[in-house]
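Good morning, and thank you for making time for this presentation.

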Amino acid sequence: MTTTTQILLASTTLLLLTLGMGLARAMIGPSLQDRMLSVQLLGTGGVAALLLLSPLLAIPALIDVALVLALLAAVAAAALTRREIDDV
Amino acid sequence: MSEVIGTLFILFGIAFFVAGSIGVLRLPDLHSRLHALTKADNLGLGLLCAGLALIDGGMLNAFKLFLVWVLVLAASAAAAHLIAQQALRQAGK
């Protein structure tokens with residue numbers, strides 16, 4: 001295991017830990033927008049984790065998976081904010 | 001040499017993600033949290049993609065990483081505007 005691989009592995013672990021920490025905001029709230037924002041952070045973090053895993057596991061296709069995830073990232077926020085009823 | 005620079009870039013990117021997560025968790029109101037989130041999205045992922053492109057080599061991979069970054073930039077900017085607009089609409093009610 002080379003030093004670069006070790007650093008990549010360590011950064012992936014650190015990234016996932018901090019994302020889990022940021023996800024606490026989804027639990028605390030208090031408003032719906034706060035929860036959406038936390039999910040948005042998790043989405044970007046997911047893209048970053050996939051990109052980091054791609055050279056680690058030697059699966060180049062993971063970059064394409066990250067590409068699709070990046071494409072779909074805005075859909076959830078748009079669906080939540082563009083609806084007619086604002087009662088929740 | 002390019003591996004060392006790439007690794008440095010990745011570490012800087014991760015630092016931005018850590019700062020963004022802490023900001024989302026700790027800052028007092030929605031709009032300042034939005035500000036912390038966009039730093040992690042734009043700069044963190046940008047540095048990470050640049051670092052990975054340097055480590056991986058290969059023109060096609062570098063292009064794909066660039067494309068991922070541009071897409072996330074567009075998506076996060078749109079999402080941040082939508083969320084902030086909805087929050088302002090509800091505050092005005």
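Helices α1(A) and α1(B) are roughly parallel to each other, a label that covers angles under 35 degrees, with over 145 counting as roughly antiparallel, 65 to 115 as roughly perpendicular and the rest as oblique. Residues 3-22 of chain A and residues 2-26 of chain B form these two helices, which pack at an angle of about 10° with their axes 9 Å apart. The axes are lines fitted to C-alpha atoms over the stretch in contact, and angles run from 0 to 180 degrees between N-to-C directions. Helices are DSSP runs of H or I with at least four residues, strands are runs of E with at least two, and both are numbered from the N terminus.

On the α1(A) side, the contacting residues include I7(A), L14(A), L15(A) and M21(A), while those of α1(B) include I10(B), L11(B), F17(B) and V18(B). Contact here requires C-beta atoms, placed from the backbone, within 7 Å. By type, the contact holds 12 nonpolar residues, six polar and one charged. Nonpolar means Ala, Val, Leu, Ile, Met, Phe, Trp, Tyr, Cys and Pro; charged means Asp, Glu, Lys and Arg; the others, Gly among them, are polar.

The model is predicted: local features need pLDDT of at least 70, side-chain atom pairs count only at pLDDT 80 or more, and totals for chains, interfaces and linings use all residues. Residues are numbered from 1 along each chain as its sequence is written, and chains are lettered from A and ligands numbered from 1 in the order in which they are written.

Turning to chain B, its secondary structure comprises three helices and zero strands. Its radius of gyration, taken over C-alpha atoms, is 16 Å, well over the 12 Å from the globule rule for 93 residues, so chain B is more spread out than a compact globule. That rule is 2.2 Å times the number of residues to the power 0.38. The C-alpha trace spans about 55 × 25 × 10 Å along its principal axes.

Within chain B, helix α2 runs over residues 30-56 and reaches 38 Å from first C-alpha to last, close to the 39 Å expected at 1.5 Å a residue; the expected span is 1.5 Å times one less than the number of residues. Of its 27 residues, 19 are buried, so α2(B) is largely enclosed by the rest of the structure. Buried means 20 or more other C-beta atoms within 10 Å of the residue's own, exposed 12 or fewer, and partly exposed in between, with C-beta atoms placed from the backbone. Just after α2(B), G57(B) adopts a positive phi of about 70°.

Technical notes: Contact = placed C-beta atoms within 7 Å.
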